[in-house]
Amino acid sequence: KDLIPDATTSMVCGFCSTGCGLNIHLKNGEAVSLTPDTEYPVNIGMACPKGWEALTPLQADDRATSPMIRDQRGGVLRKTTWQEAMNLFCNKFKAIQKKHGNESVAFLSTGQIVAEEMAFLGALAKFGMGMKHGDGNTRQCMATAVVSYKQSFGFDAPPYTYQDFEESDVIVLIGSNLCIAHPIMWQRIERNPHQPEIVVIDPRKTETAVAATQHYPIMPKSDLLFFYGIAKLLIEKGYVDPEFISKHTEGYDAFRAHLSKFSLEEVCLVSGVALTEIEKLVDTIGQGKRVSFWWTMGVNQGHEAVRTSQAIINLALITGNIGRPGTGANSITGQCNAMGSRLFSNTTNLLGGHEFSNPEHRAKVAAVLGMDEALIPEETGWAYDQIIEGIHEGKIKGLWVIATNGAHSWIHQDKYREAMEKLEFLVVQDMYTTTETAECADLILPVAAWAEKDGVFINSERRIGLVKKVSKAPGEALSDFSIFRLIAHHWGCGELFSQWSSPEEVFRILTKLSQGQPCDISGIEGYQLLDELGGIQWPCRKEDVSMLKLDNQRRLFDDGKFYHQNGKAKFIFSDPVEVAEQTDEKFPHILLTGRGSSAQWHTQTRTKKSAVLRKLYPQNIYVEIHPEDAAKLGIEGEENVLISSRRARVEASAYVTPTVQPGQLFMPMHYAKANKLTYASFDPYSRQPSYKYCAVKVERL
Ligand code: SF4
């Protein structure tokens, strides 16, 4: 009887970037259950298992309920007061900065907190505390798309709306296991009435590849050359849109000249795809009327990821498949607020999608914030990997980690953990005390989770959705927002943030910061309109609001104008390079890592708290191995095997399956040990880690 709700409100889910609407059923103002929102314009009345179980992790026993201090490394945590925690936080970080310079303290944050908190953190750390270096775990998922779009389109602008899944006649999914990684987006494809060709380009025969009409199992990291081959053949066969190219792009002739370097024989040899198959794919794309290209981590997490995603963008440009319904070069985001981080985290970009290096941008941001312009750094700080390297080199001595679990998720995990041990002071701000990263912390700041605070997330299709406080945080846990206010006060820079009094006030500041930018949301005056319309995609200027009330779907570039000064999109390309770590006689297999299930999320920090989700996913680490390899090694059934890389040895249960190709293995990233094996190489432009390729060997135990 206590669980019978007396009211319902709606908000967006806090796991993935799909941004589904959930109806939260309340009893006396507290959430007691949820169901998918049937009105929200994203999720067609559905939710995946994580969404259905979203309230469960809030109740976990290991929630951080008070600040905790570890007096000695390796020692136990003891509870403390917020006063002592704030004193320690400020005294330690200030002492480090005094001795080693402001740059010796950095932060690592997340795509999981609301945009208002991201902005507060970025502004507090860089403008208030004088930090130069800070990055987010979005470096692990979306940095490549950011750089690609900026260089190709002139702004980080995924052009699509989810409606495009339903309006394409050819859907090309690249390095995306949409069925399990973004299951609700897959449901949008299932609703497509045009009987689309669904093409999957992926080394593995994933769930999505099985459901597709065409699958091209390219060799891992042959993708850049493969797409150059596809572009070359599209041009040779006349499947191009000369009018679109001449009116809306620049650099086409140079791109054609670049393609002439590569023979189709070489493309077939390197990718492992036969010429007849490549021709079939080219005909499918070339004959499609509304072709959409979608990519995600299989592309973004590569050693030449930016150029690969730009090779995909180039396919859309040469065929004129952008700016129309059912088209687009479309990067799908990972985390619920990765898109918010891209615009408002103050890490890679200055707040509002501005540039630290642009004096006009700095002046504008300073004016909106009422701050001295001199407080704004003139250059972007280090990327995530450079911060870790900086710790190893003794340049960074203090680190503040917010809502991310790098000790599990970062590439070449042992190196990350060694870095944590080298720090003079590590603060972890998290909802749990038990993450692998929290286990290294000197100070833990306990936070309110999704649904225990207010704010907005921005989803993959640029839709800003509301998060609401529908549950009380346990014990003394505070929202990240409240913690940032406390820190500003104790640090002595509270005056700078006197306007930042509530999440909604900060949201209003963000709308002002966005004014005049491609991501202009100055038409959204507060949370009420977001609630009324069911999320709003950017851009949304004042003059857009009345139109949005009629049609709440916005696609970019329908006027053929891109964001470079000349209004044109650029063809960007370069020569493929080899992966950083090659297989050899000692380590003959390629290890791929990725998402293993729609029931688990990243490092399982929240999802493993749900008995329902645990049941839907094997609890013991496993590795997929092809039957031919298993037969050669005498591996039968689900016996335990040893996977070794040049960095570590990990035991796992063998799952013999033809979903992987001979010579390749696959291990889900959700298990803590997967990243003991991975090799730390990075895309040179985005500095995104290359999780999709390292050399290993497999042996019977
Ligand atoms: Fe939440 Fe993503 Fe699942 Fe939707 S698909 S319910 S946003 S985890």
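The model is a predicted one, in which local features need pLDDT of at least 70 and side-chain atom pairs count only at pLDDT 80 or more, while totals for chains, interfaces and linings use all residues. Residues are numbered from 1 along each chain as its sequence is written. Helices (H or I, at least four residues) and strands (E, at least two) are DSSP runs, numbered from the N terminus. Two strands pair if DSSP finds at least two bridges between them.

- Axes are lines fitted to C-alpha atoms, for helices over the stretch in contact, and angles run from 0 to 180 degrees between N-to-C directions.
- Strand S4 (residues 68-70) is joined to S5 by three bridges in the antiparallel sense.
- Within this pairing, Ile 69 has Arg 78 in S5 as its bridge partner.

**Helix H3**

- Angles under 35 degrees count as roughly parallel, over 145 as roughly antiparallel, 65 to 115 as roughly perpendicular and the rest as oblique.
- Ala 115, Glu 116, Ala 119 and Phe 120 of H3 form the contact with Pro 503, Val 506, Phe 507 and Leu 510 of H22. Two residues are in contact if their C-beta atoms, placed from the backbone, lie within 7 Å.
- The contact of H3 with H22 comprises seven nonpolar residues, no polar ones and one charged. Ala, Val, Leu, Ile, Met, Phe, Trp, Tyr, Cys and Pro count as nonpolar, Asp, Glu, Lys and Arg as charged, and the others, Gly among them, as polar.

**Helices H4 and H15**

- Helix H4 (residues 143-153) packs with helix H15 (residues 305-318) at about 55°, with the axes 9 Å apart.
- That angle makes H4 oblique to H15.
- On the H4 side, Thr 144, Ala 145, Val 147, Ser 148, Gln 151 and Ser 152 meet Ala 305, Val 306, Ser 309, Gln 310 and Ile 313 in H15.
- The residues of this contact comprise five nonpolar, six polar and no charged.

**The barrel**

- Six strands form a closed barrel with mixed pairing, running S21-S25-S22-S24-S23-S26.
- Strands S22 (residues 622-625) and S25 (residues 664-668) run antiparallel and are joined by two bridges.
- Ile 625 stands opposite Leu 665 in S25.

**Surroundings of the ligand**

- Among the 13 residues around the ligand, Cys 13, Cys 16, Cys 20, Cys 48 and Gly 51 come nearest. A residue is near a molecule or strand if its C-beta atom, placed from the backbone, lies within 6 Å of it.
- Helices H1 (49-52) and H7 (183-190) are the elements that give two or more residues to this shell.
- By class, the shell has eight nonpolar, four polar and one charged.

**Local backbone features**

- The peptide bond from Trp 538 to Pro 539 is cis, with omega near 0°.
- Pro 539 belongs to the loop between strand S19 (536-537) and helix H24 (545-550).
- Asn 28, although not a glycine, has a positive phi of about 50°.
- Asn 28 is placed in the loop between strands S2 (21-27) and S3 (30-36).
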